[in-house]
Amino acid sequence: SPGLYFVATPIGTARDITLRALDILASADAIAAEDTRSMRRLLDIHGVPLGDRPLISYHDHSGPRARAGLLKTLSEGRSVAYASEAGTPLIADPGYALAREAAEAGYAVTAAPGPSAVITALVLAGLPTDAFFFGGFLPNASGARRKTLQSLREVPGTLVFYESPRRVAAMLEDAADMLGEAREAVICRELTKKFEEIRRGTLAGLAAELAGRALRGEVVVVIDRARTEGASSEEVEEALRHALESMSL
Ligand code: SAM
């Protein structure tokens, strides 16, 4: 049926794609992709023929003209599937401007959900998932990065960041300074791929381990929320009980 479909694609292992995503890619009147080469490869791997359907390159900064083309296709009652290079479109990836304009224009917009590195990292990090803050990519420059981290000190949830493997050591060092050296952190690398690796430690410990080194592959950094210093409620109760006992002598 007509409308715009946001389709999630794998973040590593090619078979991490849903049956519905493949159905949509097989039946859409046009496919738009952040990276048309990786879309062709994906269609190939899963035996989905493109046929004579258009495969259009689109990212939000390809600008209003490319967007207008896609909206025109929608206005003709046809369907468009959009995928970013990997994972869920719009999540640290293009698609937002398209989603907004299509919805504002009143076209049917839907999503075929699937992999995203932020969710996969949260599942594996072993830190609380009741509430989390996804910070996307922090600024590359240390000054701006430290300022952003400072503003996130009190967030009452697990923090999740995407980071370039070349910058992760510097980022951890800034995080240790701004959020506290003892905070627990987890580096999730190459998720769903052959060399998937989960590395746990404190911010200062991980920063020291990686100092001056670049990691290989793709990385998500997960950081625990601020923990209030001092005694747990069990410790407080125990101390009270002790005090009361000694008073009743
Ligand atoms: N849209 C994607 C998603 O839903 O996760 C994210 C795209 S963003 C441009 C790419 C960043 O996501 C990488 O730099 C890395 O931080 C993270 N990422 C993507 N795939 C990953 C993987 N397999 N393992 C670890 N991190 C990954």
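Which residues in H6 meet which residues in H7? Before I answer, please keep in mind that what we are looking at is a predicted model. On the H6 side there are Ser142, Arg145, Arg146, Leu149 and Gln150, and they meet Ala170, Met171, Asp174, Ala175, Asp177, Met178 and Leu179 in H7. Sorted by class, this contact has 6 nonpolar, 2 polar and 4 charged residues.

As for the geometry, two packed helices are described by the angle between their axes and the distance between the axes. Here helix H6, which covers residues 142-151, packs against helix H7, residues 168-179, at an angle of about 45 degrees, and the axes are 9 Å apart. The two helices are therefore oblique to each other, and H6 passes H7 in a right-handed crossing.

Let me move on to helix H8, residues 203-210, in which Leu203, Leu206, Ala207 and Leu210 are buried. Seen down the axis of H8, these buried residues fall within an arc of 100 degrees, so they line one face of the helix. After H8 comes Gly212, with a positive phi near 75 degrees.

Finally, a residue from helix H5, residues 117-125, namely Leu124. Leu124 has 15 other C-beta atoms within 10 Å and is therefore partly exposed. If we leave aside neighbours within four places in sequence, Leu124 is in contact with Cys188 and Ile198. From Leu124 to Leu203 the separation is 79 residues in sequence and, C-alpha to C-alpha, 17 Å in space.

How values were computed. Residues numbered from 1 in each chain as written. Predicted model: local features only at pLDDT ≥ 70, side-chain atom pairs only at ≥ 80, totals over all residues. Axes fitted to C-alpha atoms, helices over the stretch in contact; angles between N-to-C directions. Helix = DSSP H or I, 4+ residues; strand = E, 2+ residues; numbered from the N terminus. Parallel < 35°, antiparallel > 145°, perpendicular 65-115°, else oblique. Left-handed = near helix turned anticlockwise from the far one by under 90°. Contact = placed C-beta atoms within 7 Å. Nonpolar A, V, L, I, M, F, W, Y, C, P; charged D, E, K, R; others polar. Buried ≥ 20, exposed ≤ 12 C-beta atoms within 10 Å, placed from the backbone. Arc of directions from axis to C-beta.
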